[in-house]
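Please keep the sequence and the coordinates in view while reading.

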Amino acid sequence: MGGSTFASFHSAHCCLILNFNIMQNLSSQPRTVAVLGPTNTGKTYLALERMLAHGSGMMGFPLRLLARENYDRAVALKGSREIALITGEEKIVSPYAKYFFCTVESMPLDQQFAFVAVDEIQLAADPERGHVFTDRLLRARGTEETMFMGSDTMRSMIRRLVPEAEFISRPRFSTLSFTGTKRILRLPPRSVVVGFSAQEVYTIAELIRRERGGAAVVMGALSPRTRNAQVALFQNGEVDYLVATDAIGMGLNLDVDHVAFAKLSKFDGTHHRDLRADELAQIAGRAGRHMSDGTFGLTGEASALDPTLIARIEAHEFQKLRHIYWRNPNLDFSSLDTLAESLALEPTQSGLTRAPKARDEETLDKLLEDDQVRAKASSRSRIGLLWQVCQIPDYNQIGGGHFTGLISRIYGLLVDQGSLPVDWVAVQVAHIDNMDGGIDALVQRIADIRTWTYISHHENWIENAAEWQERTRDIENRLSDMLHNALTQRFVDERMATLVRRLEGGGDLYAHLTDDGEVMVEGHYVGRLEGFKFIADAAEGTTNERAVSTAAHRALAFETKARIQALDAAADTDITWQGDGKIFWRGAMVARVVPGADTLRPRATLAAGDLLDGADRQHVEDRLNRWLAAEIERLLGPLVRAHRGQLSGKLRGIVFQLAEGLGAVPRSNMETLVAGLGREDFSSLRRLGIWVGKRDIYFDAMIRPKPARLCALLWAIHYGLAPIPDTPPEGRVSVRDDPKWPPGFLYAAGYRKAGPLALRLDIAERLMVSMEGMCKSGSQDLGPELLNLAGCTISEFEGVATALGFRFRRDGDKATIQRRQHKSPHRKKAAKKRKADKARARPVDPNSPFAKLKDLVLDP
């Protein structure tokens with residue numbers, strides 16, 4: 001709401017506020033009031049005035065944006081000392097705060113306030129969040145006054161559930177009327193065009209940019225900061241049009257004259273459906289502010305609107321709600337079973353319906369599929385913590401294994417370590433702190449950093465929480481500014497006069513795609529289509545050429561559908577990937593491999609721009625992820641199959657660690673497990689292709705060139721190594737150590753560092769066994785066979801021998817080696833005992849080829 005409009009409300013409300021004060025003084029009993037009516041009736045302003053008239057108060061809003069807007073308004077009236085803001089991602093609470101502005105989920109119900117209000121109470125009928133609003137309707141009360149603001153559709157439900165409530169009807173200050181259908185380019189200035197997907201919004205905004213100079217863009221996926229900046233373009237008159245999703249229906253006060261629906265249906269996360277009358281009215285009601293009348297109509301693909309529906313919208317008459325959603329707020333954390341039972345509890349009051357499973361319940365179900373999570377949730381406090389962790393929001397709203405894996409990791413760290421390791425959090429946040437990329441990439445990063453902002457506000461989860469809150473907020477602000485700039489650059493162009501003259505007399509531009517992937521518009525080459533990404537011709541620099549290129553971009557929708565079908569039908573061999581994690585199809589990069597739930601399960605994410613959206617994008621990623629899983633199993637078959645197999649306890653533990661280590665683990669990490677193995681266990685491991693050596697336990701198949709190269713790539717992707725270096729050349733038994741190879745990368749590739757070299761794991765084992773056999777009786781001359789085995793010079797062998805635990809002496813061209821032990825006569829007995837104990841503690845696979853090179857003492 002603009003400043004002048006906001007100030008003009010004062011006179012309109014003075015009489016009503018005076019009546020409130022008189023009625024409040026007549027009785028000392030707490031009062032519950034429902035202020036109901038359509039949009040543009042000043043309900044929120046009234047509640048703000050009432051709250052500030054009390055000694056303390058709290059207001060709950062459906063959006064962080066609304067909470068912040070009204071917080072800023074209250075600070076302007078009262079100063080910041082007494083005003084507080086609490087949302088899932090932001091907390092500003094001074095020791096002297098008396099008036100709290102919150103998102104509904106963040107309302108501190110354990111505190112008492114003289115005044116309590118909840119805005120948009122009709123959202124109690126929302127399947128996802130409705131149970132929260134219902135809980136506030138039933139339980140949130142001020143000691144002096146409680147107010148619920150929202151649509152008149154809630155009247156009967158409030159009367160039934162809150163019988164003591166008084167009702168105040170708020171008529172709209174201006175009229176809202178239907179004006180019929182108009183083409184997008186014939187819409188009047190100060191119009192909002194409403195679509196219901198990002199692609200629709202982009203397409204409409206592109207059209208307006210070409211024809212009318214530009215449009216602001218508002219979508220639910222934008223951060224509040226980006227959304228406000230885009231709205232400012234419209235409010236300040238820099239553009240005359242705003243293109244939005246239904247996110248505009250709540251939380252934005254705009255100087256809008258006309259609202260045009262480009263569609264009358266939307267995908268609600270489950271299926272496509274027509275919009276209800278109250279939903280259309282909520283959006284159409286953005287037109288006309290205060291005493292200014294507004295209009296609404298149709299454009300684009302929107303078909304005719306039923307006259308009865310139009311009349312209901314104009315008169316603000318809608319079907320009353322018959323039920324609202326409820327979920328038990330009193331959860332039992334005694335056990336996982338009692339938690340499930342308490343969540344599934346049915347309501348007993350008439351008018352309440354058990355809410356569908358919300359995202360927190362869905363996250364809980366997914367986590368409990370993991371036996372390790374179940375094992376950790378072994379007490380009331382740990383189950384309570386699990387439920388808290390499940391309420392971490394997925395702002396990308398795409399779910400999937402990546403988000404579940406993150407939540408599982410967070411829970412495991414909190415249980416095992418008590419808090420999230422700072423270094424680990426730093427890596428996660430640093431990965432998001434990237435200002436590059438297009439609109440879709442920036443939107444996703446903003447969603448990702450908002451999740452970490454939410455986590456940072458759980459101060460007992462992370463050390464120096466205030467610092468992390470500041471850091472994540474700074475990243476979100478910078479990403480939001482970059483996104484605003486990207487949207488403005490794409491959809492606002494002041495140099496469109498020439499385009500308007502050129503396109504005024506014509507219809508749609510003609511575009512087609514050649515067999516070579518060249519995109520032709522009106523007979524002109526404007527770029528290429530590679531995979532699912534359009535590459536504009538860098539030579540196209542004039543205003544006209546940019547507009548034609550944009551038209552070609554829009555025209556590629558049909559080709560994109562055809563390519564999706566072709567990818568579905570393609571053989572797995574048609575898809576390839578490179579050592580840097582990029583996936584190619586038809587010679588073009590279509591995706592890249594990013595970290596997944598664990599090292600063996602990375603995921604493919606599309607590298608396309610905005611050609612794919614929603615279900616199509618997910619469909620393509622699902623196809624590529626099926627290919628990726630099959631490719632990993634093809635090259636790492638023994639490891640993958642062993643990991644999935646049914647094994648006994650100790651063997652399962654060994655295989656699990658080998659899977660985490662991509663086929664190799666230092667023996668010292670599993671000494672306890674190995675010590676408990678018997679002969680049959682060793683045979684089982686050998687049948688799986690696992691060698692138990694003196695220093696390392698590994699799958700012999702994983703150190704072959706192709707599997708080793710893939711293991712190194714998976715390690716680099718999982719741990720964010722960039723750029724990803726080349727693996728050691730194929731066939732080399734040793735390579736000179738290079739700083740470009742981190743130890744973990746080399747180890748995943750099948751090499752162990754040894755002095756100046758990195759030895760292949762099997763070569764390192766053979767060297768150790770050979771040298772121990774040679775040196776049983778003391779110092780021995782270094783022969784050429786060991787140098788050949790290690791693939792190195794005599795100078796390099798000194799560092800190798802030292803790293804493997806041997807003494808090295810050189811006299812000219814002659815060298816000797818001996819075990820690094822001082823066996824003086826008075827210590828021989830102790831040394832012999834230590835040797836026997838060591839052999840018993842470190843049994844070696846009797847089937848190993850290394851056993852033939854040296855007499856080994858095996859545990860019977």
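The largest nonpolar core has 68 residues, of which Leu-386, Val-389, Ile-410, Leu-420 and Trp-452 touch the most other members. A nonpolar core is here a set of buried Ala, Val, Leu, Ile, Met, Phe, Trp, Tyr and Cys residues joined through side-chain atoms within 4.5 Å; buried means under 20% relative accessible area, exposed over 50%, and partly exposed in between, with a 1.4 Å probe and protein chains only. Apart from this core lies another, of 59 residues, among them Leu-658, Ala-659, Ala-712 and Tyr-751. The model is predicted: local features need pLDDT of at least 70 and side-chain atom pairs count only at pLDDT 80 or more, while totals for chains, interfaces and linings use all residues. Residues are numbered from 1 along each chain as its sequence is written, and side-chain values use heavy atoms, with hydrogens and water left out.

Ile-410 touches Val-389, Ile-392, Leu-420, Trp-424, Trp-452 and Ile-455, not counting residues up to four places away in sequence; contact means heavy atoms within 4.5 Å. Thr-453 is found in helix H16 (residues 439-456), where helices (H or I, at least four residues) and strands (E, at least two) are DSSP runs numbered from the N terminus. Thr-453 counts as buried because its relative accessibility is 0%. With residues up to four places away in sequence left out, Thr-453 touches Gly-88, Glu-89, Thr-472, Arg-473 and Glu-476.

Helix H15 (residues 422-432) packs against helix H17 (residues 465-491) at an angle of about 10°, their axes 11 Å apart. Axes are lines fitted to C-alpha atoms, for helices over the stretch in contact, and angles run from 0 to 180 degrees between N-to-C directions. H15 is therefore roughly parallel to H17, a class for angles under 35 degrees. In this packing, Val-422, Val-425, Ala-426, Val-429, Ala-430 and Ile-432 of H15 meet Trp-468, Arg-471, Thr-472, Ile-475 and Leu-479 of H17.

Which residues of helix H10 (residues 336-343) are buried? They are Leu-336, Thr-338, Leu-339, Ser-342 and Leu-343. These residues lie on the same side of H10 because they cover an arc of only 165° around the axis, the arc being that of the directions from the helix axis to the C-beta atoms. Asp-337 and Glu-341, on the other side of H10, are exposed. The cover over the buried residues of H10 includes strand S18 (352-354) and helices H11 (359-367), H12 (371-376) and H13 (380-390).

An open sheet is formed by 3 strands in the order S33-S35-S34, with antiparallel pairing; two strands pair if DSSP finds at least two bridges between them. Strands S33 (780-781) and S34 (806-811) stand at the edges with a single partner strand each, so one side of each has no neighbour in the sheet. S34 pairs with S35 (residues 814-819) in the antiparallel sense over 6 bridges, and Asp-811 stands opposite Lys-814 in S35. Helix H28 (residues 761-774) lies across S33, S34 and S35, running at about 70° to S34.

Most residues other than glycine have a negative phi, and most peptide bonds are trans. A cis peptide bond, with omega of about -10°, joins Ala-722 and Pro-723. Arg-190 has a positive phi near 65° and lies in the loop between strands S9 (176-181) and S10 (191-194).

Terms used:
Angles under 35 degrees count as roughly parallel, over 145 as roughly antiparallel, 65 to 115 as roughly perpendicular and the rest as oblique.
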